[in-house]
Amino acid sequence: MDAIDLLINRHSCNQLISPAPSGEALDNIIHAGLRAPDHGALTPWRFIITEGEGLKTLSRYFQDAAFNLGKTEKDVLKAANAPFRAPQIITVIARIEDHPKIPESEQLMSAGCVVMAMQMAAQAQGFNGIWRTGWFAYDSHIKQKLELEDKDEIVGFLYLGTPDVSCKKIRELNTDSFVTRMDN
Ligand SMILES: Cc1cc2nc3c(=O)[nH]c(=O)nc-3n(C[C@H](O)[C@H](O)[C@H](O)COP(=O)(O)O)c2cc1C
């Protein structure tokens, strides 16, 4: 797939079935993530690849977190079902360090770039997915269960798999609405 074609036609897919990326395809996805722009070469990222029985474990973490937050029975069930929306989830974590020159926001942006690079690498290889956060990304119980460090931030759960239906509904945006020029 041509690079410009991939960039212009990147899109998410939320109806995902097996197979999930594995072997070389998954390795390419991880490597694409590791090429995210990284001010100061801090490598402020960690990834948790969850699939198979791991999705059941994540489901339990989500369910317990929802229960702890006093959510309704319906929402507790919704939380428990959330991880099963794809055969694989890559949790992308910004492992933020205190740095004299590189603020937290830049480390977070770098981790955000990881998610998009991974999604595009998946799409380039015939897979796809969707970047999700929701309250799960900010919940302390879930972060603790995933054994994250205090300053770690979950920037996204990248749900990955094989598109079950055609997902290519790309919003048409006019470049003129976003661009101004300064050429003198
Ligand atoms: C930081 C971040 C968090 C997101 N969280 C969610 C989410 O929790 N649920 C969701 O349906 N979409 C979420 N999205 C949006 C989707 O990833 C996706 O971009 C959106 O559905 C539009 O589809 P497109 O990527 O094909 O344009 C999030 C996007 C970003 C950047």
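**Exercise 1.** Check the span of helix 5 (residues 104-124) against the one expected for a helix.

*Solution.* Start with the count: helix 5 has 21 residues. Next, take the expected span, 1.5 Å times one less than the number of residues, which comes to 30 Å here. Now go from the first C-alpha to the last: helix 5 reaches 30 Å, close to the expected value. (Helices are DSSP runs of H or I with at least four residues, numbered from the N terminus.) Then step past the end: glycine 126 follows helix 5, with a positive phi near 90 degrees.

A quick word on the model: it's predicted, so local features need pLDDT of at least 70 and side-chain atom pairs 80 or more, while totals for chains, interfaces and linings use all residues. Residues are numbered from 1 along each chain as its sequence is written, and side-chain values use heavy atoms, without hydrogens or water.

**Exercise 2.** Find the residues closest to the centre of the largest pocket, and sort its lining by class.

*Solution.* First, the space: about 360 Å³. Of 17 lining residues, Arg10, His11, Ser12, Lys169 and Ile170 are closest to the centre. By class, the lining holds nine nonpolar, five polar and three charged residues.

Conventions
1 Å grid on protein atoms, 1.4 Å probe; cavity = no way out; pocket = protein on both sides within 12 Å on 5 of 7 lines; lining within 4 Å. Points joined across faces, edges and corners; volume = space filled by probe spheres on them. Nonpolar A, V, L, I, M, F, W, Y, C, P; charged D, E, K, R; others polar. Helix = DSSP H or I, 4+ residues; strand = E, 2+ residues; numbered from the N terminus.
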